[in-house]
Amino acid sequence: MEKRQDIVLGLLFAGLGIAAAVMATDYTGASGTYPKVLGLILALLGGAVTVRAVRSGRNEARELIDVPAQMITAAVIATIYVALVVPIGFYTASLLLMLALPVALGFRQLLYALTVALVFMALIYLVFSVLLEKPLPREAFLSFFGSGG
Amino acid sequence: MKINTILLGLTATAALAAPALAEYPERAIELTIPAGAGGGTDTSARKLAILLEEKLGTSIAILNVGGGGGSVGASQFMQTKPDGYSLFATWNSPLTTVPQVQNVAYSLDSFTPIASTSETAYTLCVNADFPATTGEEFLAELAANPGAYTYGNDGIGGTMQLAAERIFQAKGIDAVAIPFGGAGETLQNFLGGHVDIYGGSISTVLPYVENGEAKCPLVTSAADVPALPGAAGLETLGLGDKETLLWRAILGPKGLDEAIVDKLANVIEEAVNDPSYVEFLATKGEVPNVVKGEDLGARLQTEYDALAEVSKNLGL
Amino acid sequence: MDFYTNALAQVLSFGPLLAMIGATLLGVFIGALPGLNPVMAIALLLPLTYSMDPLVALAMVAGIYNGSMYGGAIPAILLRIPGTPASIATTFDGFPMADRGEAAKALKIACWSSALGGIASAVALMTVGPLLARVTLFFGPAEYFWIAIFGMASVGVMVGSDPIKGIMAAMLGLLIGTVGIDNLSGQARFTFGQTWLLGGLDLIVVLVGLYALPPVLQLAEKADLKGLTAAQLKLTNVPFKPGEVRGLIPTWLRASGIGIGVGILPGAGGNIAAFLSYNAAKNASDDPSSFGKGNPQGVAAAECGNNADNAASMIPALSLGIPGNVVAALVLSALTIHGLQPGPQLFHQNPLLVGGFMMEMLLTSVLIFALGGAVATRIFAQFQRLPGVLLVPSILILMCVGVYVINGRPVDLWVMLAAGFAGYFLEKVNVPLAPIILGMILGPMAEQSVRRALLISRGDASELLTRPISAGLAIATVLVIAWPIAKAMRRRRAAR
């Protein structure tokens, strides 16, 4: 486990370093030298991690994800949320997140979740939309009701 | 069904019949500033926004989008809807200078010019013991010692650098440009003696001219500047056509309704000439300067063309 | 002295006093909520105060600034999520303390340290500040280069058990720091044709993702459906044991000195003050290996250091007109809007206002004792009583709203998410995250200063070492790197 992970990690960083160094050759003068050097050092270190892992006899178990079901659920829902914030509006998306994520993680007290969600959203609204007047992604359902709003 | 149709019809007619102007503005306006909070453009725009809020009867939310010498904010703003609720408060550099040195996604056509607000010159200053005091002596000293002097500026390819280089090119001067992150940083290095010449806005260095630590031989405007009586305007040096100013303006995205442009331009003109704003500008060494609508577009184009020539000669 | 009593009287009137109390409390919350940070809060709130009495406006700046530097410690200790970049070093020992049931103790130490650091800094601002301000001018590009390298040396304390991976992380941070337009040549680097990358990756956006998302995902993994009971929170006031405070005094003194020293240099910044203080505390300790495992000294050093930076960072702004960081720039901008002209004569223009602001920086630090310890910590900790599964979406929303309002662009949310997933896996394979952030902070400073220094010296690299201050800083850097190694070797020899 640990061995394979470190080999991949080292290769990833080495690749990243080489890619950066290659890209930096296009940059003019001193602005290219610095990232080129950084990229090469990164590649060397990545290589060192890989070589060390290959030569090491140790190979202990090291889980990348402790509880895959929950972690992946949360990660996927978080990604969907970020994708939805702009098209359907900040408050709509956030309210959905506040309800969907706990339920997906096994929470069954819907009323509790809804109460917390509403209180929390109200607080955010007070701070960002009323006090600071920061424009957040607009709610899609508002334009549904007509051009106003 | 019927009610729905009527409702839909009503909304549609309302949306069509209501002229954009009559109700404008009916909600908050977002003002994008292509620079970080706390800088010169930011302070001027925020002060102006207070007056505009009063006159327009709506609130104005400010969004600072710094980076790339203003090009990040300009590119982001370019994509907003031309409904009058997204405005852009900028200084001239992101529009006329930055496109000369960066590959930017916008051009002057990507914006609707509304009105300029204020302008000021850049200045070049030296320590009190520098062997030249007048503009003429200063340029002669630089010309006599090619490559000997360093001058701090606001960043490579920034308007400040181009302003200085236009003069230097005309006089055949070779001075080493040291780019800093802004006028404050330039001042810090100038006062510490790390660079020989301060290049930047007048207001930043003014207190040190007043206490005698620094002297400013010239300004980059054609005319003299009242706040710096010792500094020569370019006209007196015979370089009147090399004038480069720092000026600020408010623009909208491309395709902004003409009626809205007119309304905003007039309100901006009123606000800029408000005594409190004029007084505020004076403390920053700036003067009100309102050029509206198409005239502003022409001004941008002229400056763009002039700077294109300089940067070509500089090889930027 | 007469002058400060006048300023004090001015500040203790109803308006400024109320503003200080409110803003300090608000600051603690802003610091404590991941995604919200003091710079953003002050930038957003200050314009709302333009029409108010300037002393009230400045009271709000002082309160938010000082309060939030402490507030950042709360989630750093309780959840291992640093509320601000300056509280990363607080997580090193704060979270392990909380993990073994000493959350209340850690919070109390953080509160005291923050308050004391802030007080020391404000006193420096009022006394030696104007004198020291002139000294900072001797620091040119060559000196700033060495300060950045000196800061990078503190990476040594955060690499953990695997130095190669730690240095690799630092290199990654340095590389991320190069993204965007290079100010010295106008060259766009690693922007892949994306306009929004021209300004570089925003530190806060990356920080929020890298540091807040992994703990949130871990919280989701636990899927806690019940939440803590009041008893489990264990936030009752724990009195200091005799001798405990005395043991912290050397750390406080050292961290205050470092924080003030870093703060007074324009552009050096409070984010590194906490790292440097932490590094110094570890180097001075008899038992360096206890750091990172819940040593109270670590919390004290980090929190004292980041607050000691605050008032000191106002010194160049108020005495020279040179804003050293964004908050100082905003304060100067507010003064300009009120008709004052920043510069060396600012103090004489309006001594009551400037002195009043200094006094407010002092008083809001004192207020942290009262508000930070009792009120704010307790209110904030209630948040933790929610079931974990409800906390997860709440923190996610705060992260998103905080990141979105910085630049108002959706792509920042994706950057945050990507940084977060990367952070989750990097931690799992023993790559420390702190060096990435440190590299992002110090990389641009190191690169730009060294290139400026070389431009000024016309390419002569020896100038980096021949100037007296830069030579001193270079030697100090070598010592900081060599000291822990020498100490470890001596200990090994003694053990034999």
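Mentor: A compact globule of 496 residues would have a radius of gyration near 23 Å, and the 22 Å of chain C agrees with this; the radius is taken over C-alpha atoms, and the globule rule is 2.2 Å times the number of residues to the power 0.38. This is a predicted model, in which local features need pLDDT of at least 70 and side-chain atom pairs count only at pLDDT 80 or more, while totals for chains, interfaces and linings use all residues. Residues are numbered from 1 along each chain as its sequence is written, and chains are lettered from A and ligands numbered from 1 in the order in which they are written.

The C-alpha trace of chain C spans about 60 × 60 × 55 Å along its principal axes. Its secondary structure comprises 24 helices and two strands, taken as DSSP runs numbered from the N terminus (helices: H or I, at least four residues; strands: E, at least two).

Turning to the neighbour, 45 residues of chain C are in contact with 51 residues of chain A, where contact requires C-beta atoms, placed from the backbone, within 7 Å. On chain C, the elements giving two or more residues to this side are helix 10 (163-177), helix 11 (203-222), helix 20 (388-407), helix 21 (411-428) and helix 22 (434-456). Helix 20 of chain C supplies the largest share, 11 residues. By class, this side of chain C has 33 nonpolar, five polar and seven charged residues; Ala, Val, Leu, Ile, Met, Phe, Trp, Tyr, Cys and Pro count as nonpolar, Asp, Glu, Lys and Arg as charged, and the others, Gly among them, as polar.

How values were computed
Two residues are in contact if their C-beta atoms, placed from the backbone, lie within 7 Å.
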